[in-house]
Amino acid sequence: MTPELRPGLENIKPHMVAADDKALARTRINIASNESAFGPCDLAIAAATEAIQRMERYADGAEAVLTERVAHHHALSPDGVVCGNGSDDLLARLARAFLRPGDELICSINGYQKIPNYAYANDAVPVRANDSDFTTNVDEVLSCLSSKTRIVMIANPDNPSGTWVSGSEVRRLHQNLPSSVLLILDSAYLEYVDDDEFGDPASLVEENENVVMTRTFSKIYGLAGLRLGWMYAPKRITDAIRKIGMTFPISNVAFECAKAALADREYTKSVFERNLNGRQKFAATLERLGARVLPSQTNFLLATFPPDLVAASDLHRELLAQGIFTRRLASDAFSDCIRFTIGTPSQMKEVSHVLQDLIKGPATA
Ligand SMILES: Cc1ncc(COP(=O)(O)O)c(C=O)c1O
């Protein structure tokens, strides 16, 4: 007899397609993981260089200070903020705090592919609501409600699609949930949103006892490698989430960098603008080449390639052979798709040229 693992762990499978290791080692342009091509601001790099000198120390008290800074920066109540090891850590802790074996977590079928794993890790059951063209469908989510539903978790804007639901639709979703169901709005890409109708998830948190928003320093702030995220929730929930966190939950380097990154608002604004510009240009390029591109409010685009134009799996492999690493997703729904993170203008220029060569090849052959 060996010690028994939780049975739900059996269901956890990779949700991204693994790329060949040898080809990966030759990557020149990595536009696979929605990291910021623009990197962190200079102030954050200077802060990290300084903080690394004290790496023998735990960052005692850092979470409390950063919580205040984050709250102040976003004009939120400090009681509602918790910082953790990436938003992934906070999403996992939320699932652990709320899900009992057999409980149901509703997510959108082609939404953030990690979400079902938060249920499985707790022997809970993910219930996948149908969507509309890779976009969360509020009515479909509501139709999945049952007496076992404990959590509804959606990423908005979503990954890998980049699509989003408007603020009014999110409110309609919330209004139709029983108060016993927790609505988690994974807002990892919120800083990239430019749609006026998107709404403010923080106000929904403040008006209710059953809404949580998660955020990250991994995207627009360019700090993915430091693993730093935060969430905003009613105090009853933040207290519980802190209780089940690590001792000294953030590193001293992450702490110093985050303060510097928050302070440099001009830099964040310039990354927002460069991303928006790059996204619009690259969407037009992909469409010119014959791909269908989903509307996106993020730092990436999901493109669907008609199989008679080019097989997405071949295109992905050929791009990688030329040193360009893009993302393919494991689910069949994405078999004709490639996800491209928006890189720097020179990277996207090169990616566009290579795509043009590769797609022209099979199409005219
Ligand atoms: C929708 C979504 N949620 C959460 C995360 C995790 O982010 P973090 O780096 O904060 O753990 C990601 C990362 O790509 C994401 O795309």
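## Ala254 and its surroundings

Leaving aside neighbours within four places in sequence, Ala254 is in contact with Leu226, Arg227 and Leu228. This contact list, like the rest of this report, is read from a predicted model. Ala254 belongs to helix H10, which covers residues 252-263.

Is Ala254 buried or exposed? Ala254 has 24 other C-beta atoms within 10 Å. A residue counts as buried if 20 or more such atoms lie within that distance, so Ala254 is buried. Lys349 stands 95 residues away from Ala254 along the chain, and the C-alpha atoms of the two are separated by 32 Å.

## Two domains

The domain assignment divides the chain into domain 1, made of 9-39 + 266-364, and domain 2, made of 42-263. Between the C-alpha centres of domain 1 and domain 2 there are 25 Å. At the boundary, 29 residues of domain 1 are in contact with 26 residues of domain 2.

Which elements give two or more residues to the side of domain 1 that touches domain 2? They are helix H11 (265-288) and strand S12 (300-304). H11 gives the most to this side, with five residues. By class, the side of domain 1 that touches domain 2 has 14 nonpolar, 12 polar and three charged residues.

## Strand S7 and its partners

Strand S7 spans residues 149-155, and seven of its seven residues are buried, so the strand is largely enclosed by the rest of the structure. S7 pairs with strand S3 (residues 104-108) in the parallel sense, over three bridges. In this pairing, Ile106 has Val152 of S7 as its bridge partner.

S7 also runs parallel to strand S8 (residues 182-186), and five bridges join the two. Ile154 stands opposite Leu185 in S8. From S7 the chain crosses to S8 through helix H7 (residues 167-175), and this β-α-β crossover is right-handed.

Notes
Residues numbered from 1 in each chain as written. Predicted model: local features only at pLDDT ≥ 70, side-chain atom pairs only at ≥ 80, totals over all residues. Buried ≥ 20, exposed ≤ 12 C-beta atoms within 10 Å, placed from the backbone. Helix = DSSP H or I, 4+ residues; strand = E, 2+ residues; numbered from the N terminus. Pairing = 2+ DSSP bridges. Right-handed = clockwise from strand over helix to strand, strands pointing away. Contact = placed C-beta atoms within 7 Å. Domains from an automatic or database assignment. Nonpolar A, V, L, I, M, F, W, Y, C, P; charged D, E, K, R; others polar.
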